[in-house]
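Visitor: I am new to this structure. Could you walk me through how to read it?
Guide: Gladly; let us look together.

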Protein chains: 2
Amino acid sequence: MSARRLARILTRMYAEEMEGQMEPAQFGLLQMMEHMQHCTQAGLANALYMDKTTVSRDVAVMKKRGWVEGGRGGLRVTPIGRRLLADAMPHWQRAQKRLRKALGDDGWQALFAAMRAVDYEASA
Amino acid sequence: MSARRLARILTRMYAEEMEGQMEPAQFGLLQMMEHMQHCTQAGLANALYMDKTTVSRDVAVMKKRGWVEGGRGGLRVTPIGRRLLADAMPHWQRAQKRLRKALGDDGWQALFAAMRAVDYEASA
DNA sequence: GGTTATAAGTTGTATGTGCAACTTCCTGTC
DNA sequence: GACAGGAAGTTGCACATACAACTTATAACC
């Protein structure tokens with residue numbers, strides 16, 4: 001199952017570049033929350049193709065840490081969370097750069113094209 | 001982390017097509033074992049970019065079921081395992097077809113190109 | 001306000017996975 | 001044969017994830 005292998009490889013790489021700053025999964029959730037603004041957990045789960053229980057639990061942890069607040073359609077990133085996100089950004093960008101370098105421009109485009117296509121299939 | 005989302009989407013899709021015949025992970029392991037012939041668990045783990053403990057546990061389950069036997073460099077698929085693999089093949093092929101249809105030829109090539117590139121990065 | 005339906009969210013439980021530490025086995029050297 | 005080193009493989013523990021069942025909150029309607 002190559003897609004899972006792909007995910008494992010990429011996750012490890014991102015985790016390395018993040019240097020314990022933040023788990024890749026948390027980063028993804030925070031980023032999506034910031035993007036969606038005042039969202040529901042259900043919406044998050046759909047957007048990230050995650051199970052709502054996983055989202056519920058991850059969000060609970062982040063709430064406890066003060067990174068996010070609200071709920072029932074009013075979930076949003078706190079200033080603390082926002083600062084963490086900003087701090088983690090350079091690391092994430094370094095990971096992106098590393099990946100892009102490894103793949104080359106064509107490979108990079110191919111990866112994102114493939115992901116978009118799979119997204120489309122998943123929402124059909 | 002889009003790669004994880006990709007993996008989740010694909011895993012679900014393959015699981016659907018497999019119809020409980022066999023877990024996608026097991027299929028992947030069995031297939032790789034059949035391909036490698038008389039392999040080590042460590043070799044499997046490397047090939048699939050899996051953690052050796054996970055491989056150890058998965059292989060233990062499959063041994064118990066009589067799907068595989070041997071070890072210490074002599075791991076191989078039993079006739080039972082081979083038959084299961086053959087039975088699962090049409091399902092897996094259907095999943096591949098479905099994915100290919102969804103992605104289109106370009107997207108299909110892009111996905112595999114991306115995976116090969118990431119593989120290359122992971123082994124560097 | 002009361003009722004109903006449904007979406008949002010949580011809890012219980014089971015399974016899968018990975019890190020660290022450990023054990024076993026094999027190979028090479030003397 | 002004895003010993004050492006390293007590879008192969010296992011175990012303990014913690015965390016991540018998902019299915020099913022359940023609870024809570026919200027919106028619509030009367």
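Guide: Let us begin with a term: contact means heavy atoms within 4.5 Å. This is a predicted model, where local features need pLDDT of at least 70 and side-chain atom pairs count only at pLDDT 80 or more, while totals for chains, interfaces and linings use all residues. Residues are numbered from 1 along each chain as its sequence is written, chains are lettered from A and ligands numbered from 1 in the order in which they are written, and side-chain values use heavy atoms, leaving out hydrogens and water.

Visitor: Through what do the copies meet?
Guide: They meet through the same surface, because 100% of the interface residues of chain A are also interface residues in chain B.

Visitor: What rotation superposes chain A on chain B?
Guide: Two copies of a chain are related by a rotation about an axis and a shift along it. Here the rotation is 180° with 0.0 Å of shift, and the RMSD is 0.1 Å, using least squares on C-alpha atoms of residues with pLDDT of at least 70 in both copies. That is the relation of a two-fold axis. In chain A, the C-alpha of Ala110(A) is nearest the axis, 2.3 Å from it.

Visitor: How many residues surround DNA strand C?
Guide: A residue is near a strand if one of its heavy atoms lies within 4 Å of it. Here 18 residues surround DNA strand C, and Arg72(A) and Arg57(B) are among the closest.
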